[in-house]
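Biologist: I'm new to this one and could use a guided tour. Could you show it to me, and then we'll go through how to read it?

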Amino acid sequence: MRLQRLAETDRPAVSFTLDGRPMAALEGDSLLTAILTEDTYLRTNEFGDGRRAGFCLMGACQDCWVSVEGSGRVRACSTPITEGMRVSRGTVQP
Amino acid sequence: MSVVIVGAGPAGTRAAEVLIGAGLRPTVIDEAPDNGGRIYQRQPAGFHRVARVLYGFEADKARAIHETFDRLRASIDFRPRTLAWNLRPGLIDTICDGKARAIPFAQTILCTGAMDRVIPLPGWTLPGVFTLGGAQISLKAQGCAIGARVAFLGTGPLLYLVAYQYARAGAHVAAVLDTTAFARKAAQAFGLARGGATFVKGLYYIAWLRAHGVPIAESVTPLAIGGEGQVQSVSWRDARGTTHEVAVDAVALGFGLRPEAQLADLAGVPFDFDPVQHNWVPRKDPSGKTPVAGVFLAGDGSGIRGADLAEAAGARAAWSVLAARGLAVDAGAVARLDAQLAAGAAFRAALERAFPFPAKLAAGMADDTILCRCEAITAGELRAAANETLATLPPPEVNRAKALTRVGMGRCQGRVCGAAAAEVLASTLSCPVEEVGRLRGQPPVKPIPILPAEAA
Ligand SMILES: Cc1cc2nc3c(=O)[nH]c(=O)nc-3n(C[C@H](O)[C@H](O)[C@H](O)COP(=O)(O)OP(=O)(O)OC[C@H]3O[C@@H](n4cnc5c(N)ncnc54)[C@H](O)[C@@H]3O)c2cc1C
Ligand code: FES
């Protein structure tokens, strides 16, 4: 699974890093969109159920947490991407 | 002291409009970056799709809601990006950009909307499975489909609407899998026809999808979402007992909606089980007044009635607030709103009967299926706890089950698993689902960073 961009692709590019890898997104993307258009997951479930990629996209399920340098843990679905963001998907503590 | 509205969707917008008309300056809190709520959610700055593309048949209503809010903005103390995380007598605790603040109110109108109701099935926690509403948010707010080949699985009017929106936007809709039978919908046609345009639109989406070759299967029993580390297929059984599987890389899952009513719960509003919606709903009278002084409710957060009635209920609740403040009330406007709300209720009931919540599907979930996605707890673990302990210790209800199994204790507070967990528990204990109660809300209603002393 990758999110597929169907519209609004003429936005300025934003660069960020994911687990140290340089990545590109578009201005106005949520972190979730920025990551899932390029990769398949956001986090690893702490209770052994493998990888997760969010679920509700509306801030309710809490299954999209990632770490952003300087901001700590954030919900990827409700955090806009910004230039130079350093995002990591290390295991989140329960 | 001020009136505080939580939620800037259709209900909150119309509530604010009435209050401002009476010379008040309401505070409006919304967690989202902008107003609009779910159905009329605004896209971020820098996106250019026109209302017609974003909102389809609802474009005029969306525009009207946005224009109303924009016109009133100067008269509102609008606080976007602000989560209302607790409600105490006369105070709403909020957090915005990491800053905590308790906002006092004389009256509050909670217009907190709804979220998808979900029934877990094997594989539902795989990357690539999203709620139906989530699939729609991805398209509306980000211009993205959730995958390259998407299946829509569940029931309810949103199932066909979102599938249609995806197909129209150029996404590949691999299948629409409805757990409801068409015959059931047709039997409700008389009641549905009262909904006029809404009914016709629903039929239009179905007809459009069929005409464009989108496979639609009804009366399905969902079996599993397959894949290693990500979604690769979805399988189901048809009414004749034949098993089918289709290759997909994403699934949108939803079985109707449930109110986001945690703040009403924290306020102490009692809840009743609504058998038609098959949801617990906070108690209010037709004017939006609750048994708790100063607390008013409107929109889908107080029971699922859809966007048009959310607007009417928002305005109606604001008139109740004005009455409570001893201000003048326009009896004509109130009578019109009451008539609209009463007429809408009949259509809504027909709609709920047309797309009933498949409670048996939830109750019959396999033991090894994950029920609580936060903490990966299976249906079998809940059943075991129910059998061993609960049956001997009355009352057998979900909050006790939660304490024993942690189902509903995860970070989502049971928003996702609560409805299905109650069905599993009720069927294990052989009692009606309303007897196992509902998961109570806890502050903070959503996880928040550790708070500064001021808010403690
Ligand atoms: C994801 C989703 C998509 C939907 N799409 C459609 C659709 O396309 N067509 C349709 O007819 N119906 C749709 N619905 C049904 C929808 O609920 C109603 O039609 C309509 O949006 C209800 O309006 P409302 O004002 O009651 O709530 P909403 O429009 O849901 O607005 C509620 C607002 O309250 C805010 N909020 C909630 N809790 C808090 C809190 N604690 N702190 C701060 N802010 C808070 C939310 O951020 C939101 O903006 C959808 C529902 C969902 C959940
Ligand atoms: S995807 Fe559910 S909270 Fe972010």
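Biologist: Let's start where the chains meet: how many residues does the contact take from chain A and from chain B?

Modeller: A quick note before that: this is a predicted model, where local features need pLDDT of at least 70, side-chain atom pairs count only at pLDDT 80 or more, and totals for chains, interfaces and linings use all residues. Residues are numbered from 1 along each chain as its sequence is written, chains are lettered from A and ligands numbered from 1 in the order in which they are written, and side-chain values use heavy atoms, with hydrogens and water left out. Now, contact means heavy atoms within 4.5 Å. Here 39 residues come from chain A and 47 residues from chain B.

Biologist: What area do chain A and chain B bury between them?

Modeller: Buried area is the accessible area (1.4 Å probe) that two parts lose on being put together, summed over both. For this pair the figure is about 3500 Å², with 58% of it on carbon and sulfur atoms. Three residues, Met1(A), Phe55(A) and Met58(A), supply 23% of what chain A buries against chain B, more than any other three.

Biologist: And how many salt bridges does the rule find across the interface of chain A and chain B?

Modeller: The rule wants a side-chain nitrogen of Lys or Arg within 4 Å of a carboxyl oxygen of Asp or Glu. It finds 4 across this interface. One of them joins Arg75(A) to Glu31(B), at 2.9 Å from N to O. As for residue classes, Ala, Val, Leu, Ile, Met, Phe, Trp, Tyr, Cys and Pro count as nonpolar, Asp, Glu, Lys and Arg as charged, and the others, Gly among them, as polar. On that basis, the side of chain A touching chain B has 15 nonpolar, 11 polar and 13 charged residues.

Biologist: Which strand of chain B does strand 1 of chain A pair with?

Modeller: Helices (H or I, at least four residues) and strands (E, at least two) are DSSP runs, numbered from the N terminus. Two strands pair if DSSP finds at least two bridges between them. Strand 1 of chain A pairs with strand 10 (residues 144-145) of chain B, antiparallel, over 2 bridges. In that pairing, Arg5(A) sits opposite Cys144(B).

Biologist: What about a hairpin: which residue takes a positive phi in the one made by strand 19 and strand 20 of chain B?

Modeller: Strand 19 (residues 271-274) and strand 20 (residues 279-282) of chain B run antiparallel, joined by 4 bridges. Phe273(B) faces Trp280(B) across them. The hairpin has 4 residues between the strands, and His278(B) has the positive phi, near 60 degrees.

Biologist: How many helices and strands are there in chain B?

Modeller: Chain B has 15 helices and 23 strands.

Biologist: Where does Leu57(A) lie?

Modeller: Leu57(A) is in the loop between strand 5 and strand 6 (65-68) of chain A. Although not a glycine, Leu57(A) has a positive phi of about 60 degrees.
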